Amino acid sequence: MRPCGVFDKSYTQDMAIIRTWQHWVILLSALILLYLFPLFGSYYLISFMNLLAITVIVVLGLQIVSGYCGQISFGQAAFMAVGAYTSSVLTVKFGFPFWIALPVSGVMAGAIGIIGGAPSLRIKGFYLAMATIAIHFVVIWLILHLDITGSFKGLYPPSPSLGSFQFDTDERMYYIIMTVMIIMTYCARNLVRTKVGRAFVAIRDNDLAGQVMGVSLYYYKLLAFFVSCFYAGIAGSLWAHLITVVNSEQFTLLHALEYVGMLIIGGMGSIPGVFFGVLFIRILNEVVMFTSPVLAKAFPWLGVSPAAALGLTAFGLAVAVFLIFEPRGLAHRWEIFKASYRLYPFAY
Amino acid sequence: MKKTSVIFLSLLCFGLMGLSSSSFAKEVAYLSLADYTGPIAGLNVPADMGLEDYISEVNAKGGVDGIKIKFIGIDTRYDVARAVSAYKRYSRTPRLLMVNSISTGIGKALARLIERDKRAQLVPGDGEFQAHLGRSFIWGPAYQDAFAAMMDWVMDDWKAKGKSGAPVVGYVSWDNPYGREPLRGGKEYAESLGIKILPPEFFPPGTLKHDVYLNRLAEGGAHYIWAGGVDPTPTNIIRDAYALGLTKSIQFLNGYWGPTALGIGVHAEALEGTAIVSFFLRGEEAKNNPVVTELWKKHRGSFDQFNEVYGMGMSWGMTYVAGLKSALEKTSFEKLEADDMYKAYQRITGLKRAGLQGPCAYSPTSRRGSLEVKIYRVKGGKIVPETDWRKAPDAVSLHKF
């Protein structure tokens with residue numbers, strides 16, 4: 001984002017994500033603030049940030065496969081489950097440290113994602129959405145019926161450790177989660193600017209035209225699923241070691257729907273859109289959670305249960321409103337703001 | 001300027017008034033992490049209505065020794081992440097003495113945090129919480145205990161029908177931790193009675209038709225079938241069995257989340273004769289309980305929408321009040337902490353709750369809310385008692401957890 005009058009003078013400048021020294025200052029200040037946050041943030045806010053960051057990683061993956069590559073997926077919660085269980089099995093049953101289990105979880109989820117994404121070679125749109133829902137149920141069924149996953153009893157993965165230091169509180173896990181989120185965001189932001197990213201966009205916009213231009217649909221669609229599920233797997237592993245208990249009930253189709261809702265609200269095909277969408281829905285959830293007891297107290301005739309049930313209504317309304325009035329999501333508003341900033345103080 | 005100043009001062013006054021009323025009022029909190037809009041909302045909403053009404057009644061009468069109870073109800077949508085987030089949000093609430101984690105998954109996810117915070121939580125009926133004593137108290141007998149009690153009744157019924165040998169029992173339920181729990185110890189108990197349990201049938205929650213599972217159990221020679229899940233699922237299973245003509249030859253059995261007024265109002269004919277094991281009053285008995293009747297009429301009016309789970313919610317409230325009184329006998333309000341409530345819950349053994357459920361069985365060695373159950377039958381579109389209170393067998397100890 002450049003202010004008015006600042007122009008790129010070289011290819012390097014043109015390709016830079018951070019374009020001015022002011023941007024560097026803002027970015028570094030934000031990072032410092034982020035890492036210092038546990039020193040002044042409340043326990044609740046820290047745990048909220050952890051949940052937010054894990055969700056960002058999951059939705060970043062979904063953005064790559066759906067927002068950039070145009071392959072609708074409702075399997076993200078199941079792939080997150082694959083990551084959570086892989087990490088739990090590796091640490092609980094085989095004694096692997098978290099630091100090895102974390103990337104392996106991503107790879108395992110990615111590998112399963114390739115199988116899950118295979119139908120995308122033959123079907124698309126609504127039919128692909130249905131196929132990914134089927135994958136969701138198959139994964140959950142397998143988790144429930146395999147002994148290694150602890151079956152219906154679930155598993156209790158340990159907190160990560162580094163030497164004798166245990167990351168056994170939300171405050172300590174915060175540093176791991178934030179670091180992973182930053183790395184994953186950096187990778188996603190750059191991936192979509194590469195040849196691979198452009199191939200994804202070509203498939204999304206017109207797969208036939210892309211194929212004619214030499215884009216291998218077979219390779220890139222499966223790659224998109226692999227990357228997307230890798231993200232979900234990493235998020236699943238972080239979730240498992242944060243909460244230290246995993247069972248199949250933590251990964252429902254409702255979660256997958258919520259992730260798609262976040263994508264719609266944030267904006268398809270935009271990395272900042274992921275942050276906007278996740279923030280919007282998570283804050284909406286928290287606001288409803290916080291206000292429902294207050295509402296119930298202020299309007300006793302309403303009763304606590306209907307007041308609390310506002311959560312789902314609010315989510316549904318938000319998605320519907322965005323689909324009708326701003327189908328390009330909050331990211332589009334951000335783009336409008338940036339365009340205005342670039343011209344300021346001129347009107348056009 | 002003058003107008004702005006007046007508005008500012010007014011807001012300040014209101015703020016200070018609010019602050020003073022909240023800061024200086026003697027208050028303890030109860031957090032309910034309930035599913036108000038998800039798959040078990042049909043159970044959670046009326047239960048929390050009962051609790052909420054009971055608490056508002058206690059508060060209206062001046063509270064417990066002048067201490068008011070603050071009820072915080074949060075909709076988790078049966079979602080562990082939301083529940084954990086909500087717990088963390090409210091865990092620093094002053095004097096949050098008890099958390100009701102309504103779902104086994106949520107209860108297990110929160111157990112570590114509850115231990116760390118030296119608090120106590122209520123959880124539905126997973127036997128593991130009894131097998132490994134911690135800070136999680138189950139509402140009544142464990143699921144497997146209730147299943148075992150039903151097996152006792154099956155043997156009585158079998159003999160009363162003049163049959164010889166042992167009956168064959170089928171089992172169909174949700175394919176999730178809750179759906180499988182009754183068999184962990186319950187199966188061992190049934191087999192110790194000589195009952196043959198057919199290979200259980202499990203299906204994903206949300207399944208609309210159950211014919212294939214029912215037919216398989218019928219072909220396996222089942223004399224009795226346990227229909228699991230949370231209402232309306234058991235009602236729907238029996239509805240399908242009725243359509244298949246199986247209810248004529250097979251006796252259907254249900255756990256304590258079996259058909260309520262909700263299901264019976266819709267499928268009375270199909271549910272006729274169904275047996276339900278319950279640790280809290282059901283159907284007409286619940287509706288005729290004077291304490292329940294009085295509170296419901298006062299807060300909810302007509303009995304058209306009455307659900308017997310309302311009484312169970314009241315029972316939670318009674319237990320909480322008794323626990324609070326016991327805690328206050330040992331410490332002052334100023335020094336009262338969540339850990340005191342945890343200890344108090346272990347001292348209220350034998351507490352009677354207006355007959356809404358059996359005497360409280362919480363103790364240093366028991367996390368069961370009560371040991372007694374009743375068997376009910378659906379007759380003429382109503383749930384009526386088949387037996388009096390009877391002690392549920394300890395099936396938890398029969399299983400290696």
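Colleague: Why does B:Arg116 count as partly exposed?
Modeller: Buried means under 20% relative accessible area, exposed over 50%, and partly exposed lies in between, with a 1.4 Å probe and protein chains only. B:Arg116 has 36% relative accessibility, so it counts as partly exposed. Before we go on, this is a predicted model, where local features need pLDDT of at least 70, side-chain atom pairs count only at pLDDT 80 or more, and totals for chains, interfaces and linings use all residues. Residues are numbered from 1 along each chain as its sequence is written, chains are lettered from A and ligands numbered from 1 in the order in which they are written, and side-chain values use heavy atoms, with hydrogens and water left out.

Colleague: What makes B:Arg116 and B:Asp117 a salt bridge?
Modeller: A salt bridge is a side-chain nitrogen of Lys or Arg within 4 Å of a carboxyl oxygen of Asp or Glu. For B:Arg116 and B:Asp117 the closest N and O atoms are 3.0 Å apart, so the pair meets the definition. Side chains of opposite charge can pair when their charged atoms come close.

Colleague: Which salt bridge does B:Arg119 make, and with what N to O distance?
Modeller: B:Arg119 meets B:Asp117 in a salt bridge at 3.7 Å, N to O. B:Asp117 is partly exposed, with a relative accessible area of 23%, whereas B:Arg119 counts as buried at 7%. Elsewhere in chain B, salt bridges that share partners join B:Lys108, B:Asp126, B:Glu128, B:Glu181 and B:Arg184 into one network.

Colleague: How many salt bridges are there over all chains?
Modeller: The structure holds 35. One of chain A's examples joins A:Arg172 and A:Asp168, at 3.2 Å from N to O. A:Arg172 is partly exposed with a relative accessible area of 33%, and A:Asp168 is partly exposed too, at 34%.

Colleague: How do you know that B:Tyr30 is buried?
Modeller: Its relative accessible area is 0%, so B:Tyr30 is buried. B:Tyr30 is found in strand E1 (residues 27-34) of chain B; helices (H or I, at least four residues) and strands (E, at least two) are DSSP runs, numbered from the N terminus. Leaving aside neighbours within four places in sequence, B:Tyr30 is in contact (heavy atoms within 4.5 Å) with residues including B:Leu51, B:Phe71, B:Met98 and B:Trp316.

Colleague: Is A:Thr20 buried or exposed?
Modeller: A:Thr20 has 10% relative accessibility, so it counts as buried. A:Thr20 is found in the loop between helix H1 (11-15) and helix H2 (21-40) of chain A. Not counting residues up to four places away in sequence, A:Thr20 touches A:Pro3 and A:Val6.

Colleague: How many helices and strands are there in chain B, and why is chain B called as compact as a globular protein of that length?
Modeller: Chain B has 15 helices and 14 strands. The radius of gyration is taken over C-alpha atoms, and the globule rule is 2.2 Å times the number of residues to the power 0.38. For chain B the radius of gyration is 23 Å, close to the 21 Å that the rule gives for 401 residues, so chain B is as compact as a globular protein of that length. Of the 401 residues of chain B, 61% count as buried. Residues 24 or more positions apart account for 68% of the contacts in chain B with a separation of 6 or more.

Colleague: How many residues does the contact take from chain A and from chain B?
Modeller: The contact takes 37 residues from chain A and 37 residues from chain B. Chain A and chain B bury about 3500 Å² between them, 56% of it on carbon and sulfur atoms; buried area is the accessible area (1.4 Å probe) that two parts lose on being put together, summed over both. In chain A, A:Tyr43, A:Phe152 and A:Glu249 lose the most area to chain B, together 21% of what that side buries.

Colleague: What is the count of salt bridges between chain A and chain B?
Modeller: The count is two salt bridges. B:Arg77 and A:Glu258 meet in a salt bridge through their side chains, at 3.8 Å from N to O.
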